[in-house]
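Biologist: Could you walk me through this one with me looking at the structure?
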Amino acid sequence: QTKVYKGTSTYSSDVICNINNDKVYKKTSSYSSDVICNVSGKKVYKGTSSYSSDALYNILDGKVYKGTSSYSSDIVMTIKDSKIYKETSSYSSDVIATIKSGKVYTGNSSYSSDIQFTIDGYVTIEEFVAIWHTVKYSY
């Protein structure tokens with residue numbers, strides 16, 4: 001089980017979500033009713049679903065596509081060299097977030113005050129996208 005905390009906190013009251021067996025749960029829950037999304041292969045799905053109609057993202061070569069798409073026009077963000085870029089960009093001005101030692105900073109920042117959330121373990125790129133979705137769109 002890998003926990004995701006608000007900012008730099010390590011308090012259990014500040015757990016945003018946790019990931020276990022490819023499923024992202026609300027806060028510290030392990031109930032299937034509290035699954036926000038799940039990872040299967042290269043895709044992230046809503047809740048516990050594995051239907052293509054419930055696919056939130058398709059991840060290929062660091063590019064994150066909407067739903068099951070693999071069209072460049074459907075790229076939401078690109079993850080490369082520990083940076084998250086807007087859509088297909090690789091410009092530093094288009095960096096949405098920076099990932100460093102499990103901490104996710106706003107933009108190109110490396111200030112602790114700009115840490116959005118902390119992941120207390122190793123996650124795959126697909127799991128990271130599931131966590132990102134949960135942090136950004138579920139709270």
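Modeller: Helix α1, residues 125–137, has 13 residues and reaches 18 Å from its first C-alpha to its last, close to the 18 Å expected at 1.5 Å a residue, where the expected span is 1.5 Å times one less than the number of residues. Helices (H or I, at least four residues) and strands (E, at least two) are DSSP runs, numbered from the N terminus. This is a predicted model, in which local features need pLDDT of at least 70, side-chain atom pairs count only at pLDDT 80 or more, and totals for chains, interfaces and linings use all residues. Residues are numbered from 1 along each chain as its sequence is written, and side-chain values use heavy atoms, with hydrogens and water left out.

Biologist: Switching to strands, what does β6 pair with?

Modeller: β6 pairs with strand β7 (residues 63–66) in the antiparallel sense over four bridges, and two strands count as paired if DSSP finds at least two bridges between them. Leu 60 stands opposite Lys 63 in β7, and the hairpin of β6 and β7 has two residues between the strands, with Asp 61 taking a positive phi near 50°.

Biologist: And how many residues of β6 are buried?

Modeller: Five of the six residues in β6 (residues 55–60) are buried, so by that definition they have under 20% relative accessible area.

Terms used: Buried < 20%, exposed > 50% of the residue type's maximum accessible area, 1.4 Å probe, protein only.
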